[in-house]
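Trainee: I am new to this structure. Could you walk me through it with a few questions and answers?

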Amino acid sequence: MSRKIDITSQPHSSSRKLTMPKNKGKGGKNRKRGKNEADDEKRELIFKEDGQEYAQVLRMLGNGRCECMCIDGNKRLCHIRGKMHKKVWIAAGDIVLVGLRDYQDDKADVILKYMSDEARLLKAYGELPENTRLNEGIVGDLEEDDDNLAEDYVEFEDEDIDRI
């Protein structure tokens, strides 16, 4: 006894309706970008402890590192800790709290970034020296006179430009 099977009458596997899984999260990448909503609230001012020092960022080096001038007079290479990396943006001129290393005096770790009003309070309390400049982008010897600006430029005549 042989049975004949009609292929057209059999339900095909593609005729089943496939459903996508339901999203159970609270959103995607764009929702994660707006996390800094708690910055508006006032937080308690944190002072330095043993093994910590205040510092001002001289320049950003990339790769989670920056060069800082500590209040004790040493210039240190500072590493931004992972909790702050890509969450708290640090720029040149910012006041930060760094944790000193026992085994490396020329390196430190950035623990906390002070907001501009917190840095002013630290200066008012006498924690920062009076000569510390706040709210200025790039730190360094920027006190050049405007008279020296003319010396930086070289004027060319039309004949010189044609020869170039």
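Trainee: Is Lys 113 buried or exposed?

Mentor: This is a predicted model in which local features need pLDDT of at least 70, side-chain atom pairs count only at pLDDT 80 or more, and totals for chains, interfaces and linings use all residues. Residues are numbered from 1 along each chain as its sequence is written, and side-chain values use heavy atoms, with hydrogens and water left out. Buried means under 20% relative accessible area, exposed over 50%, partly exposed in between (1.4 Å probe, protein chains only). Lys 113 has a relative accessible area of 16%, so the word for Lys 113 is buried.

Trainee: Thanks! Which residue has its backbone oxygen 2.9 Å from a polar atom of the side chain of Lys 113?

Mentor: Contact means heavy atoms within 4.5 Å. Leaving aside neighbours within four places in sequence, Lys 113 is in contact with several residues, among them Met 84, Trp 89 and Glu 118. The backbone oxygen at 2.9 Å belongs to Trp 89.

Trainee: And Tyr 54: what is its relative accessible area?

Mentor: Tyr 54 is one of the residues in a second, separate core of 10 residues. A nonpolar core is a set of buried Ala, Val, Leu, Ile, Met, Phe, Trp, Tyr and Cys residues joined through side-chain atoms within 4.5 Å. Tyr 54 is buried, and its relative accessible area is 0%.

Trainee: How far apart in space are Tyr 54 and Leu 97, C-alpha to C-alpha?

Mentor: In sequence, Tyr 54 and Leu 97 are 43 residues apart. Leu 97 is among the residues in contact with Tyr 54. C-alpha to C-alpha, Tyr 54 and Leu 97 are apart in space by 4.7 Å.

Technical notes:
A polar contact is a pair of N or O atoms within 3.5 Å; within protein, one must be able to donate a hydrogen and the other to accept it, and residues adjacent in sequence count only if both atoms are side-chain atoms.
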